[in-house]
Amino acid sequence: MKLLVLFLYEWKHFVRNPFKIVAVVLLAFVGFYGMSNGLSLYERQTAEINKIETKVEKGQAEMLSYYERGEKNLKDKPWVDLTQAHQAFRNTTVYQFKKPSPALVYSIGQAEQYGFYKRVELSSSPYDEDMAAELANPERLQVGTLDFAFVVLYLLPLLLLILLYNIKGAEAEGGSLKLIEVQANSSFGWLVARVSFYAFIVWMVLLGLIFCGALLTPVFAEASSAFLKMIFFTTAYMAFWVLIYFLIIRRGQSIIENTLLMVGFWLLFTFIVPGVVHQWVSISKPTTMMTEMIDAKREKKDKLWEEEPAVLQEQLNNLFPAITKSSIAQKEERKRIQAQKRSIVALANELMKSATQPIEKQNKDRNELIDFSFWFNPVSFFQNQLNRLSNTHYDDYQNYRQDIQQLIDKQIELMVLDTWNEVSVDKKRYQEYFYQ
Amino acid sequence: MMFQIIKNEWRFLIRSKVILGASLGFIALLIVSILLGNFQAKKQEANYKEAKDFVRQQWNDIKEMNPHGAAHYGTYVFKPSNLLNSLDEGVNGVTGNIIRVEGHVQNEMVHSEASQMQVVSKFGKLKSSLLLKYIVPLLLIFLAFHAVSVEKQSGRLKILLMQGSKPSSIIFGKALSITLYGIGLLTVVVITQSLLNFQNLDSEIIKRSALFFISYSIFYFVICGLTIFFASRWQNSTLALTSMLSIWILWTIFLPNILLSSVEDWHPLPSREQFKSAMKEDRSKGMDGHNSRDERSKAFEQEILQKYNVDTIADLPINFDGLRMQADEDFGNKVWDKHFKEIRKVLTTQKRSLQLCGIVNPYLSLQNVSMGFTLSDNLHHHDFLAQVETYRRRFIKILNDEQTFGGSKTGQWDWKASSDFYKSVPDFEYQPTALSSVFRNYLLDLGLLVFWLFFTVFLLSRASKKMPIL
């Protein structure tokens, strides 16, 4: 039989089976619902960022107005001298954002487990308490949000199961299999054609949904590669399940046996294997209690204030060699000590950076362990690939932490060098701090 | 008669090599999950103890420090795990492990396990609950379906009826026999867990385990009963099985996700920024403990001067700074109470709505009681946070009192309390929530499970009266 004929027969079979049609329609509906959840999160995060940005801009404009008017002191804090670099930084609100990708519509990933805006001060750290995620119901977080990725990863195999479970099994049980094998040139080809028909239908539905998702947010304009990757990974994932089910159907002889095996594989790959890996990771690389960071935050930072001026100076010179030639470095001790005190924040920042290194190393090891499981844990592999394309993977939030750290480093460097060089902050310098 | 049917059904289960093999494999998997869960819990407990001791040692090592400096130095509280958490982890993976306890602010928990790695499993670790909630019901569906379809296809059902068996005895007998199979697996879990932790068993854990056991047993009866109902009522056995599988998918995969998202939409929480800004706004209306020039500080100063009948703060026999700090704390506490109470109110409303959804989905009721009885739901998490906050207030008050009455005078910020004083400050001790204090919160879930139990009995009675075979 020709492929087209087989497709037409299967089409008739499909349209006469309301159960299968309902299943496809349901998947399309749930897929769209999942994307609307992604859209909702994208809109909420964007709106929140816009709101904070407006507030920040207003605050900075107010600060700028002091410089424009030539006023040195803040109205409500008259002791604050805004011409000093450290005061300019301390009294200006700066945020670092992790702007949502339009591809969030496809995969919410780990977006709800992390904060996406952070107020950055000279004494901040990417591991501060305010890095906490948005307020959310923990029981909902634990179950997760039904996004499009969830539909693809967990429900797509179930839809394929519903569409394919009775292929060949029904003919074998009804006794018509031998007849089909005689009529069709190849029973393998007949099976391939029938399975391909359903795979094609599901693929078209998924492509339609992915395209619809791209219209909900500016995917084409801002994340076109995510669109193509989404198609690629969805297709690859679907092909993986189609292959497994095809092999089951090919060797199976009854509907129940095939269904049981298909459900078994689905349970194995979606529940058991990821569950085992998760448990294994938790045992071999337990959650860090951040004691190194606590130690740095309290003990080591406090001790900096008790250090001898000479020790502090040496540490600062190592960190910022340029200050050895600064104007204050040549001046009397009182001025130097004052500048040292203002620069302690830079040494504290270095302490925090070293304290977070082992934590990041532990997290890296944990993730490498998970990566290692991917060859037998395909669902987690695809889940993380989808998270990557929507910039909601662990690594994306790690990059966000690095961006925060870079901003802190930059602000500290500007503040320290300007303090040691006795730069009087004016409008131009303030704009250089915050408007570039 | 019913007893005979149950006996026959069990005889079949034991004689069938496939089912016996699958059962043994499943029991092995359950035992492995319990062993791993316990091993993980013990390791976590050791980490927790190490971190707790580390932080306390740092506190004990304080030689001399200004008490208010110590309030900023603060301490950290780590969330301990419980014996029963190894059965159901609940929200523990997403709520964070560490909370900073310090003056002026009520912090939130941070650094959750979920935020320390990429995604592994959407449905959680291989804990007993993963198997008992998702996989065992599926196994029971197949067994219950098989129990009826085999009788129908082989014609034994007709023979049984002709021999005088009552349809209700057959239907209920089959439902009970498969339920007992599920209960057997459940028993393996509870007994293994108890044996592994025999020394730590107390009445509280026994009561919670018993309720855990009863809730799952009811759910298993509902699952078996519904499958028997569909299998006996519908001529098309494949349709009967797929219908029950669809119900399983709907209950365990679809609805929990959709309903939880929906209740969060119906009763939204504020954004973190809104929440913080509102607290900051309210906080700004009170005294600033660090600003003696603040008008409210001045009014408070007058109040204290009058109380001690002196003219200036220098004449006070105490340190006014400590009093001002405590007044600042007291006002702050009112602000935190107001705002955190609002959040808890929203979460309680969300929970109540979700519990009501148990009318259409008994799995949700099971989920709630499973987490609740293993101390891992949001309610128990909030109780932990409430205990931490109570401790924080006590901790800060002790420090402020030392600043006030410890022998220093106003303005002596360089005055330092002794090492003995810091050692005398009590450490945080978590008291696990007593079941009696929270049990009423689960009455609705238990009630709905019982409702589903009766509804299933009703359906089975109907099915026995209208069996198509007749």
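Two strands count as paired if DSSP finds at least two bridges between them. In this predicted model, strand 1 and strand 2 of chain B meet that criterion, being joined by four bridges and running antiparallel. Within this pair, Phe78(B) stands opposite Ile98(B) of strand 2.

Strand 2 of chain B, residues 98-102, is also joined to strand 3 of chain B, by two bridges and again in antiparallel fashion. Here Glu102(B) lies opposite Val105(B) of strand 3. The hairpin formed by strand 2 and strand 3 of chain B has two residues between the strands, and His104(B) in this hairpin takes a positive phi near 75 degrees.

Together the strands make an open sheet of three in chain B, with the order 1-2-3 and antiparallel pairing. Strand 1 (75-78) and strand 3 (105-106) are the edge strands; each has a single partner, so one side of each has no neighbour in the sheet. Helix 13 of chain B, residues 378-405, packs on this sheet and touches strand 1, strand 2 and strand 3, its direction making about 25 degrees with that of strand 2. Because four of its five residues are buried, strand 2 of chain B is largely enclosed by the rest of the structure.

The two chains also meet: 58 residues of chain A are in contact with 66 residues of chain B. On the chain A side, the elements giving two or more residues include helix 2 (18-69), helix 11 (255-284) and helix 14 (333-373). Helix 11 of chain A gives the most, with 13 residues. By type, the residues on this side of chain A divide into 28 nonpolar, 22 polar and eight charged.

Methods:
Residues are numbered from 1 along each chain as its sequence is written. Chains are lettered from A and ligands numbered from 1 in the order in which they are written. This is a predicted model: local features need pLDDT of at least 70, side-chain atom pairs count only at pLDDT 80 or more; totals for chains, interfaces and linings use all residues. Two residues are in contact if their C-beta atoms, placed from the backbone, lie within 7 Å. Ala, Val, Leu, Ile, Met, Phe, Trp, Tyr, Cys and Pro count as nonpolar, Asp, Glu, Lys and Arg as charged, and the others, Gly among them, as polar. Axes are lines fitted to C-alpha atoms, for helices over the stretch in contact, and angles run from 0 to 180 degrees between N-to-C directions. A residue is buried if 20 or more other C-beta atoms lie within 10 Å of its own, exposed if 12 or fewer, and partly exposed in between; C-beta atoms are placed from the backbone.
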